[in-house]
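Work through the exercises below with the sequence and the model open. Try each task before reading its solution.

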Amino acid sequence: MKIKGYLKVSLLLVSLAFLGSCRSEKEQEGFSETGSVMIDLSSELSYQSRAIDQSAYLNTNNYKVSLYKGEEAVYVDKLYGEASVEQKVDFGVPYTVTAYYGEDVAAGYDKLYVKGSQTFTVSQGDRKTVTVLCKPANAKMSVVYKGKDDTDSFDNYFQDCQVSVKTEYMTDAFTMGKADEGKELYLKTGDKGTKATLTFALTDKEGEPVTVDGFASTKEIDLQPCYSYTLTIQPTGTNVAGGKFGLTVTVDNGVTEEDVTVNIPGEYIPSSN
């Protein structure tokens with residue numbers, strides 16, 4: 001009888017130990033060592049474009065998405081429309097999600113590049129939604145040629161004024177002339193902006209270059225991402241003895257305005273006749 005009693009006690013202890021072990025494992029399963037993240041992607045264009053299909057840029061399913069755990073890639077360049085709705089991630093570790101659409105080139109016509117990024121961490125067992133807003137990441141530039149006033153045109157005074165644009169991201173300068181009026185040049189600026197050197201080459205009505213003393217043919221301006229710049233090239237004849245050739249750079253949204261003026265001695269400003 002005593003042996004049976006000992007067996008009963010032993011079996012009871014084993015059963016309790018087994019139940020305790022199962023309960024501990026279930027508790028650990030319920031307390032996950034990971035979290036999960038869902039990416040909410042949206043896009044916004046700060047300026048209008050006649051040359052680009054804006055609907056393609058507003059459709060986030062066209063965007064490519066990458067997820068990084070620190071410097072380590074979790075996945076790279078997945079189409080947002082095909083990416084997993086929910087992604088498992090380690091808790092307490094910084095992750096960065098990036099998204100983009102378009103070509104990230106130094107300079108090119110109609111090369112709008114839109115991107116966004118967000119760095120985040122997830123708590124243990126948490127489900128988090130990360131919002132990423134994509135905006136234009138380069139600057140847009142165009143040229144406009146005008147006469148002295150509304151009664152004439154640039155052609156009445158000069159044949160052309162070519163503008164060469166050079167930034168730190170470019171090996172060779174990009175040149176625009178009167179034939180490129182209305183085109184949209186997109187320039188890489190980096191996240192914090194960059195400086196652009198503008199070089200002007202003026203041609204008279206006979207096609208000969210204007211090279212005279214006092215002609216300040218090079219200017220430097222600041223370019224910022226998400227900004228649109230218009231180079232308005234217009235001859236004027238006031239405020240400077242003998243006349244001047246004025247070049248005005250304005251930002252479309254009116255946030256910043258910068259005047260760039262190239263002075264030319266009066267005898268080199270031809271009449272409109």
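**Exercise 1.** Classify Lys183 and its salt-bridge partner as buried, partly exposed or exposed.

*Solution.* Start with the cut-offs: buried means under 20% relative accessible area, exposed over 50%, and partly exposed in between (1.4 Å probe, protein chains only). Lys183 has 38% relative accessibility, so it is partly exposed. Next, find the partner. Lys183 forms a salt bridge with Asp180. A salt bridge here is a side-chain nitrogen of Lys or Arg within 4 Å of a carboxyl oxygen of Asp or Glu. The closest N and O atoms of this pair are 3.1 Å apart. Asp180 has a relative accessible area of 14%, so it is buried.

Two notes on the source. This is a predicted model, in which local features need pLDDT of at least 70 and side-chain atom pairs count only at pLDDT 80 or more, while totals for chains, interfaces and linings use all residues. Residues are numbered from 1 along each chain as its sequence is written, and side-chain values use heavy atoms, with hydrogens and water left out.

**Exercise 2.** How many salt bridges does a search of the whole structure find? Then examine the bridges of Asp104 and Lys115.

*Solution.* The search finds 10 salt bridges. Take Asp104 and Lys188: their closest N and O atoms lie 3.6 Å apart. This pair links distant parts of the chain, 84 residues apart. Asp104 sits in the loop between β5 (95-101) and β6 (107-109), and Lys188 in strand β12 (residues 185-188). Strands (E, at least two residues) are DSSP runs, numbered from the N terminus.

Now take Lys115 and Asp191. Their closest N and O atoms are 3.0 Å apart. Lys115 belongs to strand β7 (residues 114-120), and Asp191 to the loop between β12 and β13 (194-203). The two residues are 76 apart in the chain. Lys115 is partly exposed at 33%, whereas Asp191 is exposed at 63%.

**Exercise 3.** Why is strand β10 (residues 160-166) described as largely enclosed? Then identify the strands that pair with β10.

*Solution.* Count the buried residues. Five of the seven in β10 are buried, so the rest of the structure largely encloses this strand. Next, look for partners: two strands pair if DSSP finds at least two bridges between them. β10 and β13 run antiparallel, joined by seven bridges. Cys161 stands opposite Leu202 in β13. β10 also pairs with strand β11 (residues 174-176), in the antiparallel sense, over three bridges. There, Ser164 has Thr175 as its bridge partner.

Key:
Helices (H or I, at least four residues) and strands (E, at least two) are DSSP runs, numbered from the N terminus.
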